[in-house]
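Please look at the sequence and the structure shown below, and keep both in view while reading. The paragraphs that follow go from single side chains to the way in which larger elements are arranged.

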Amino acid sequence: MTEPLRGLPPIIGAGARVLILGSFPGEESLRRGEYYAHPRNQFWPIMGALVGAGPELDYADRLERLTAAGIALWDVLGACRRQGSLDQRIDRDAREPNPLRALCDRHPGLRHCLLNGSTAGSIFARLPAAASPGLPHTVLPSTSPAHARLRLPDKLDRWRAALMPLLQA
């Protein structure tokens, strides 16, 4: 059996209010050490439209814009076994959740979790009590290129409706 893949560290600033959680980084993200690194992933175009953290900026500048807006990034899973990048290929018996509760305890300004896709949402819903952050959460359409059911403008509308009120509160 192969060794589990290890995810990326959280991206979080002192003023974080919203925690965006994916399921687990794809192969390209792990290779580059960057969240949402696949060029067809729509996360950065959406963040560009909402908080000015678009793909035209270098990665460090995108992260700076996110944290300045009060947004933190991480994943529900900290380790797993998976072939390829698809969430459906994550081995259900080899998943290790990230310590989300501990992160939220260290950052009490966090008020809400936005889950990037239904897989992140279903894993989040099944977290053991010790890992669960105990925050309200909203499942949003996945920004993954594999989730082509919704077009970018429709995803952007849903992300805007969920995220912007949380940042203005």
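This is a predicted model: local features need pLDDT of at least 70, side-chain atom pairs count only at pLDDT 80 or more; totals for chains, interfaces and linings use all residues.

The side chain of R32 meets that of E34 in a salt bridge, with 3.0 Å from N to O, and E34 counts as buried because its relative accessibility is 17%. A second salt bridge joins E28 to R31, where the closest N and O atoms are 2.6 Å apart. These two residues both belong to helix α1, which covers residues 27–32, and because they are 3 residues apart there, about one helical turn separates them. E28 is partly exposed, with a relative accessible area of 24%, whereas R31 is exposed, with a relative accessible area of 61%. Taken together, E28, R31, R32 and E34 are linked in a network of salt bridges.

The structure holds 5 salt bridges, and another of them brings together the side chains of R6 and E96, at 3.3 Å from N to O. This pair links distant parts of the chain, since R6 lies in strand β1 (residues 5–6) and E96 in strand β5 (residues 90–97), 90 residues apart. E96 is partly exposed, with a relative accessible area of 40%.

From side chains we can turn to the sheet. In general, the strands of a sheet pair through backbone hydrogen bonds, and the pairing may be either parallel or antiparallel. Here, 4 strands form an open sheet in the order β3-β2-β6-β7, and their pairing is parallel. The strands β3 (71–75) and β7 (137–140) stand at the edges, and each has a single partner strand, so one side of each is left without a neighbour in the sheet. From one strand to the next, the twist averages 25°. Strand β2, residues 18–22, and strand β6, residues 112–116, run parallel and are joined by 4 bridges; L21, for instance, has L115 in β6 as its bridge partner. Helix α6, made of residues 152–168, packs on this sheet and touches β2, β3, β6 and β7, while its direction makes about 160° with that of β6.

Which residues of helix α2 (residues 43–51) are buried? They are F43, W44, I46, M47, L50 and V51, and because they cover an arc of only 155° around the axis, they are found on the same side of α2. The buried residues of α2 pack against β2, α3, β3, β6 and α6, and strands β2, β3 and β6 are also touched by α6. After α2 comes G52, whose phi is positive, near 75°.

The last stop is R62, which lies in helix α3, residues 59–69. R62 is buried, because its relative accessible area is 9%, which is under the 20% cut-off. Leaving aside residues up to four places away in sequence, R62 touches W44, A53, G54, P55 and L57, and one of these, W44, is among the buried residues of α2. The C-alpha atoms of R62 and G52 are separated by 7.9 Å, although the two residues are 10 residues apart along the chain.

How values were computed. Residues are numbered from 1 along each chain as its sequence is written. Side-chain values use heavy atoms; hydrogens and water are left out. Buried means under 20% relative accessible area, exposed over 50%, partly exposed in between (1.4 Å probe, protein chains only). Contact means heavy atoms within 4.5 Å. Two strands pair if DSSP finds at least two bridges between them. Axes are lines fitted to C-alpha atoms, for helices over the stretch in contact, and angles run from 0 to 180 degrees between N-to-C directions. The arc is that of the directions from the helix axis to the C-beta atoms. A salt bridge is a side-chain nitrogen of Lys or Arg within 4 Å of a carboxyl oxygen of Asp or Glu.
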